[in-house]
Structure formats: C-alpha cells, structure tokens
Amino acid sequence: MPEPESQLIRARLDSLTRIRARGVDPYPHRVDRTHTTAEALACLESLERQGVDAASGGCVSVAGRIMQLRGMGKATFLDIQDGQGRIQALLRRNLLQESYQGIRDLDIGDWLGVTGPLMRTRTGEPTVEVRQWKLLSKSLRPLPEKWHGLADVETRYRRRYLDLISNEDARRIAALRSRVVASLRRMMDARGFIEVETPMLVSVPAGGTARPFSTHYRALNRDLFLRIATELYLKRLVIGGLEKVYEIGRIFRNEGVDLTHNPEFTTMESYEAFADYNDVMRMVEELTHGIAVEVTGSPLVMVEGETVDLTPPWTRRTLRDEIRDRSGIDFLNCPDVESLGAEMKRIGLEVGRQVSWGGLLDKLLSDTVEPHLTQPIFLMDYPVEMSPLAKKRPDDGRLVERFEGFAAGMEICNAFTELNDPVDQRERMERQEALNLQYRDEEMDRLDEDFLVALEHGMPPTGGLGVGIDRLVMLFTGQRSIREVVLFPQLRDA
C-alpha cells in the first residue's frame with residue numbers, strides 16, 4: 001500500500017531537520033546558473049560536432065526540480081527539469097566524497113543546482129557528471145500521482161502549479177499564449193496603432209450585453225462595476241483625435257462557465273478612424289494568419305483531428321444566408337418573438353429562457369450554425385436588434401455592418417462599422433434600457449450618458465474590433481476547453 005501523504009510529509013520534515021543539523025541552508029538566496037537544460041544539451045551537441053571531448057569543454061551549472069531519482073550504490077542518477085526541459089545528472093561517490101552522503105536526504109520535487117562537465121552515458125544519455133551540488137529548495141509535499149501527472153481534470157485546474165510541474169503540454173500552452181499576445185502587440189504597433197489603458201472600474205457597465213460584477217468604492221461612497229467591455233472608452237479616444245487605438249486587457253462578465261466562457265477573460269479591442277468593417281475583416285484575417293505562422297510555424301492548425309487553414313482570404317457570408325441554409329429559417333421573415341420562437345420550435349429547438357427576439361436569434365445561431373463552422377469564415381450583416389452600437393447598412397436599415405469571425409466551431413472575434421450618429425445612438429441606447437426593464441432575465445446594453453455627450457462632439461467613420469485572446473490560443477493549440485488556456489480559471493468550490 002502507498003504511504004499516506006501525511007507520513008511522506010513527516011519523512012521529508014525529518015530530512016529537513018537533518019539537512020539543517022549539518023549546517024546547510026535548505027533555502028539559499030540564490031544560485032549561479034550558467035546554462036539552462038536546453039542550453040547544456042546544445043553545448044554538448046556543439047562540442048561533439050567539433051570533435052571535442054565534452055569533459056574538456058568546461059563545466060556547466062544547471063538548476064531545476066528533481067523529477068526522477070535512482071540510487072545505484074556508489075552512484076545516483078537524477079533527472080533535473082527547468083523551464084526549458086530536462087537533463088540527467090550523475091552523482092558519483094568517489095567524485096563527491098563526503099557531500100555524497102547528503103544525497104540520502106534528497107527527494108523527488110526538491111530543487112537542485114549541479115555543476116560539472118557534460119558527457120554521455122553508455123546508453124547515450126546526455127548527462128552532467130556532477131562535481132558540486134547544492135540544495136536550492138526542499139519540497140515538503142510529494143508530487144501527485146508519482147509525479148507522472150494529474151489524472152483528475154478538476155485538480156489540474158485548481159492546483160495549476162502541479163499541472164505545470166508534471167504536464168509538458170500545460171507548460172507549452174502557457175508559453176504559446178505569451179507568444180500570441182506578444183505577436184499580436186507587435187503587429188498592431190506595426191500598423192500604426194497605439195496601445196492604451198482604460199478604466200476597469202466604471203460607473204456604467206456598457207458596451208456589451210452582459211451582467212456585470214459590482215463593488216463599492218468607499219473613498220467616494222459610490223457603487224462601481226467591473227467593465228464588461230472596453231469599447232466606449234476607446235471610442236472616446238477616437239473622438240479625441242487618437243485615430244488608431246487598441247487595448248489588450250481583462251474583461252469581466254457575471255455569467256456562467258462552459259467550454260468557451262470564463263467570467264474573466266482577455267480581449268484585444270481596436271478602433272481605427274476612417275475604416276469600416278470590410279477594412280477590419282482584412283485586418284483580422286491577416287493578423288490571425290500572421291500570428292499562427294509566427295508562433296506555430298504554419299497557417300494550418302489541428303483541432304480534434306481536423307485541419308483548419310487560416311490562410312486569407314476567409315469565406316464571407318451573410319448571417320441571413322448561413323442561418324437560412326442551416327436551419328431553413330429566414331429571420332427577416334420572423335420580425336417578432338412569437339414568429340421566431342414558433343419557427344425554432346418547428347425545427348425542434350428548445351427556446352429555453354430566451355424571451356427577447358435578439359436572444360432567440362443568438363440561440364438559433366449558436367445551435368444550428370456555429371458547430372459547423374470549422375474553416376474560418378466571416379458572418380456579416382446582423383440584425384439591428386442584436387447590435388446597438390453598429391452602423392446600419394445604407395441599403396437595408398434592418399441590418400447593421402457587423403461581422404463575427406468563426407473558426408473550429410467557435411466565435412473568435414466581433415466587429416462593427418461603428419455607429420457615429422449621436423441621435424441614432426441615443427435612441428438605440430434608450431431602447432436597450434427599455435428592454436432591460438421588459439426582459440429582466442436577459443442582459444441588454446446600457447445607456448452611458450457621458451459617452452453620448454462625447455459622441456455628440458463628433459466621431460469620424462470608424463471600424464471597431466474585439467478579438468478573444470483565449471479563443472485564439474484555443475484555436476492555435478487545438479483545445480476545446482477555455483480552462484486549458486487560462487492559467488487560473490474560475491471554478492466551483494471544492
């Protein structure tokens with residue numbers, strides 16, 4: 001039977017006591033590291049290509065966590081893992097003399113620094129032949145599942161540090177996410193956009209259809225909300241004369257969690273003066289393609305065995321045509337809740353708690369269209385009821401110049417030709433406030449008087465974009481759950 005964790009912890013505490021009794025600090029302040037594990041391996045290969053004996057090529061000092069420990073009498077083998085990989089270390093009694101005795105108090109999970117020449121064992125394994133070693137941090141708890149990884153998915157998300165220790169794929173996704181954001185930022189800067197920061201605490205949670213988180217600001221004795229979008233503040237900057245702006249930041253929405261939603265998530269929103277949604281479409285496909293090539297090396301990504309090709313141009317279809325082809329329903333012929341709900345029931349869709357026309361149409365899109373959109377596509381021209389911040393089409397006032405981009409069966413971006421008519425915008429925001437009172441179980445946008453005052457000073461024609469960073473990373477890594485790409489997702493209490 002495996003030992004209970006409490007006994008294992010007790011044994012490690014006993015080791016800690018012996019280490020300190022020898023006058024060794026088990027938690028020193030620093031270590032001199034000359035090479036990462038990857039650099040040490042590259043150094044060995046370079047010496048071998050030059051025909052130089054690795055042992056005469058000088059010593060390396062590497063540091064990391066002990067992931068395997070194998071005692072063989074007069075020698076001990078360790079696998080040391082750092083942020084770039086693993087390398088084997090060989091500790092021999094005849095080389096280390098008295099310090100070899102201290103190895104008995106090492107455990108899997110401890111952090112160790114080792115110094116020595118590089119070599120290969122008889123089996124060809126790259127190895128540091130240790131001349132000196134130093135304990136850097138004593139681990140008091142054993143790694144899970146014999147350090148081969150966490151089997152329980154919920155535990156992986158709840159104790160992400162353990163997942164990162166044992167799961168190379170988790171570390172790869174975390175690193176790739178950072179490269180995606182860096183690549184996006186470089187490309188936006190190269191296009192002449194300037195990065196800005198807007199408030200996270202706002203007095204009116206407007207700019208989207210979502211239930212906000214609320215808080216109280218004691219110093220000013222006022223209630224505030226965590227932002228649900230950055231849109232209205234970024235548009236204020238365009239009004240002020242900053243013609244190309246973007247922000248990468250956290251958004252907070254007090255709603256449920258599922259495979260593609262987390263209550264706090266990261267977006268990039270951008271606004272470009274003198275552009276419309278056609279310009280933004282071209283920018284989206286160029287950005288997505290460029291980031292994919294830069295961070296993965298290819299415009300082709302694999303999602304559940306299917307290849308998704310992000311090469312421009314992407315398919316463009318109207319929302320009306322796509323829904324009509326998939327469901328047989330023409331939403332322009334169903335202008336009210338009753339008629340649209342009846343058509344949805346006719347094809348077997350449960351309308352559930354959706355009671356507004358826009359809510360019904362969003363469910364129709366989610367259920368009948370989105371799962372089929374594997375290859376990248378822009379769905380264009382949404383009904384005005386679903387898009388209170390977008391400009392109407394000049395040829396059909398029932399629709400607005402809005403598109404959503406989809407790939408691998410999920411939405412990855414949302415964009416408008418921005419509404420800049422202050423009279424029309426005020427009427428639509430007032431309509432949203434009325435709908436908020438009528439449909440209390442559904443979220444509508446809100447009226448932001450300060451934004452309307454700003455808009456009355458004049459905003460040029462503008463193309464706006466919102467990109468879900470988490471969804472992009474899901475796409476590039478082939479993940480189906482947002483929890484795999486958010487390091488610390490929200491979870492129910494254990």
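Mentor: Strand β13 (residues 300-303) and strand β14 (residues 306-309) run antiparallel and are joined by four bridges, where strands are DSSP runs of E with at least two residues, numbered from the N terminus, and two strands pair if DSSP finds at least two bridges between them. This is a predicted model, in which local features need pLDDT of at least 70 and side-chain atom pairs count only at pLDDT 80 or more, while totals for chains, interfaces and linings use all residues. Residues are numbered from 1 along each chain as its sequence is written, and side-chain values use heavy atoms, leaving out hydrogens and water.

Trainee: Which residue in β14 does Met302 stand opposite?

Mentor: Met302 faces Thr307 there, and the two strands form a hairpin with two residues between them, where Glu304 in the turn has a positive phi of about 50 degrees.

Trainee: Switching to packing, which residues touch the most other members of the largest nonpolar core?

Mentor: Those are Met268, Phe403, Leu465, Leu475 and Phe476, out of 45 residues; a nonpolar core is a set of buried (under 20% relative accessible area, 1.4 Å probe, protein chains only) Ala, Val, Leu, Ile, Met, Phe, Trp, Tyr and Cys residues joined through side-chain atoms within 4.5 Å. Helix α8 (residues 277-296) gives the largest share of this core, nine residues, helices being DSSP runs of H or I with at least four residues.

Note on methods: Buried means under 20% relative accessible area, exposed over 50%, partly exposed in between (1.4 Å probe, protein chains only).
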